[in-house]
Number of protein chains: 2
Amino acid sequence: MADKGRLIAVDWGTSRLRAMLLSAAGRPIATAESADGIGALESGTHEAAFERLVSDWPTVPAIMAGMVGSRQGWREAPYAACPATPKSIAASIIRFKSGAGRPLAIVPGIMVRSDDRDGDVIRGEETQIVGLLADEPKFDGIVVLPGTHSKWATVSEGAITDFQTFLTGEMFGLLSRQSFLRHSVNEGERELSTLPGFALGLRRTVIDGLPFLAAIFSVRARQLLDSVEAEDNLAYLSGLVIGGEIAAARDTGRLWQGRQLRIVGTRSLARAYGRAFELAGYEAEALDGSDLVVAGLLHLARTADLFPAETAR
Amino acid sequence: MADKGRLIAVDWGTSRLRAMLLSAAGRPIATAESADGIGALESGTHEAAFERLVSDWPTVPAIMAGMVGSRQGWREAPYAACPATPKSIAASIIRFKSGAGRPLAIVPGIMVRSDDRDGDVIRGEETQIVGLLADEPKFDGIVVLPGTHSKWATVSEGAITDFQTFLTGEMFGLLSRQSFLRHSVNEGERELSTLPGFALGLRRTVIDGLPFLAAIFSVRARQLLDSVEAEDNLAYLSGLVIGGEIAAARDTGRLWQGRQLRIVGTRSLARAYGRAFELAGYEAEALDGSDLVVAGLLHLARTADLFPAETAR
């Protein structure tokens with residue numbers, strides 16, 4: 001066996017636990033995944049959940065990012081401050097050994113604090129941005145990471161200088177499934193961003209500039225007055241919410257302002273946001289989020305010298 | 001008995017059924033209330049729910065407003081168009097007799113439609129505005145009716161010319177009780193609008209002009225980074241949401257613009273909005289919502305000639 005596993009890269013979020021066994025050169029050898037997300041685990045059960053998942057793999061060091069480092073996680077890794085570089089993030093990694101003696105490292109989240117605005121925090125996405133910087137050290141622009149809690153981060157001179165969280169995915173879920181608007185929308189087979197309603201909703205918030213709170217009741221009015229089809233109306237709501245995020249990011253004045261954009265996320269979210277930016281008249285290149293997590297974990301492991309000496313690049 | 005009941009005025013919304021027996025002069029003689037809101041009733045059960053509530057009262061005509069006239073109500077009263085006057089609303093009242101022979105009237109909701117924006121609908125609040133106009137026929141300004149779905153209506157020359165719905169109350173409920181922010185807030189004994197967090201949240205959205213979607217994650221950040229007390233953080237969220245509504249209404253450009261403001265709602269909502277407008281530097285007079293419903297129903301009953309002839313004013 002020429003290439004044994006030397007490091008386990010772990011993306012441990014609220015709802016999923018994903019692990020990848022990497023070779024000394026950083027190539028993936030095996031992957032494993034479970035539903036043991038941080039949100040589902042009691043205090044004191046993290047080691048068992050992790051060892052269960054990787055029991056077939058060699059006992060090599062593991063580096064982890066995401067909610068595993070939160071107060072509710074395995075062990076708290078306090079937030080590093082912005083501006084944050086891959087080097088400053090690596091320096092804030094916490095290390096310990098599991099009960100079974102496995103060397104473990106947890107990547108910290110990052111925070112932004114300032115006197116003239118509210119603070120903000122990221123936990124997990126910083127590692128994807130590190131992955132992007134490992135590939136493109138000179139990148140200067142905005143990284144958009146769509147999701148339950150979308151993050152927009154400003155990257156300049158190799159550092160994350162500022163960022164902002166938007167509750168976009170959660171807002172869409174609340175409005176489409178738990179608010180009274182659920183009677184006006186319906187999920188179908190088609191991809192929402194390809195439906196006419198998506199473009200219309202997006203136009204309302206991004207181009208017409210309608211404030212989000214003033215726009216959402218129209219989902220109900222479209223059903224009552226125009227008998228709009230429920231699936232297209234769900235696409236319209238999706239367009240309003242994603243458009244609301246884009247307009248809000250633009251209007252904060254701190255983000256974007258003509259700089260280049262990268263979308264980092266799952267394939268389906270990247271497609272929806274790609275279409276949204278295109279409809280709004282902006283160019284944005286999409287990158288795969290899971291690839292960047294691994295690239296980021298690998299880069300941080302090397303920077304923090306977590307590989308055994310003989311495997312260092 | 002000098003003054004027998006001659007008309008029953010009914011405010012029948014999604015969650016409550018309220019009835020008031022009025023004298024020929026329009027004075028209240030008795031009131032009754034139940035939890036038989038439209039949202040809780042099956043089709044075909046409305047008459048029984050109503051007769052159960054008023055069984056001790058004489059069999060006089062009843063005039064009703066609210067969701068009772070919706071597609072899910074007792075009988076649908078189609079929306080009247082804007083601009084809408086007390087007279088045009090009265091002309092669109094639908095009349096029928098109950099199985100027991102009682103004359104019944106249902107007030108229509110109103111709608112606004114236009115080629116250059118989405119439509120909107122009101123059902124119930126139009127009657128409160130009619131009540132306001134019955135008292136102040138020359139009122140020219142904006143009527144703000146806070147609630148689960150807040151309404152802002154433009155009133156001019158005795159007509160409702162335009163309006164806009166905001167999901168404020170529902171948004172606050174979703175975020176404080178069903179989103180992940182519920183872990184960062186807590187309901188206490190104190191009135192939210194009196195806490196420092198309320199003023200701060202309001203300032204963020206109304207004065208600093210932070211877009212609502214960009215502001216809400218700060219509820220979580222304040223807990224994580226500043227260890228803000230959970231009750232004050234709930235007040236902060238309330239300030240963000242109410243401030244978001246006020247800023248959105250201002251920014252639509254169609255509403256307000258320096259015109260005089262009236263707040264119409266329950267005592268506690270009127271206090272919160274009164275404080276919000278005061279903090280934002282605007283003057284707004286508050287009126288009691290339930291008084292105005294009765295005044296509006298009485299005015300519409302007289303305009304539509306629903307009183308027996310001998311009781312007409």
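## S227(A) and other positive phi values

S227(A) lies in the loop between helix 7 and helix 8 (230-252) of chain A; helices (H or I, at least four residues) and strands (E, at least two) are DSSP runs, numbered from the N terminus. Although S227(A) is not a glycine, its phi is positive, about 50 degrees. S227(A) is exposed, with 7 other C-beta atoms within 10 Å. A residue is buried if 20 or more other C-beta atoms lie within 10 Å of its own, exposed if 12 or fewer, and partly exposed in between, with C-beta atoms placed from the backbone.

This is a predicted model, in which local features need pLDDT of at least 70 and side-chain atom pairs count only at pLDDT 80 or more, while totals for chains, interfaces and linings use all residues. Residues are numbered from 1 along each chain as its sequence is written, and chains are lettered from A and ligands numbered from 1 in the order in which they are written.

E157(A), in the loop between strand 11 and strand 12 of chain A, also has a positive phi, near 50 degrees. E157(A) counts as exposed, with 11 C-beta neighbours inside 10 Å.

In chain B, three strands form an open sheet with mixed pairing, in the order 5-8-9; two strands pair if DSSP finds at least two bridges between them. Strand 5 (80-81) and strand 9 (117-122) of chain B are at the edges with a single partner strand each, so one side of each has no neighbour in the sheet. Strand 5 and strand 8 (residues 110-114) of chain B run parallel and are joined by two bridges. A81(B) has M111(B) as its bridge partner in strand 8 of chain B.

Helix 7 (residues 218-226) of chain A packs on this sheet and touches strand 8 and strand 9 of chain B. Contact between two residues requires their C-beta atoms, placed from the backbone, to lie within 7 Å. The direction of helix 7 of chain A makes about 85 degrees with that of strand 9 of chain B; axes are lines fitted to C-alpha atoms, for helices over the stretch in contact, and angles run from 0 to 180 degrees between N-to-C directions.

## Cis peptide bonds

A cis peptide bond joins C82(A) and P83(A), with omega about -5 degrees. P83(A) is in the loop between strand 5 (80-81) and helix 2 (86-91) of chain A.

In chain B, the peptide bond from C82(B) to P83(B) is cis, and its omega is near 0 degrees. The loop between strand 5 and helix 2 (86-91) of chain B holds P83(B).
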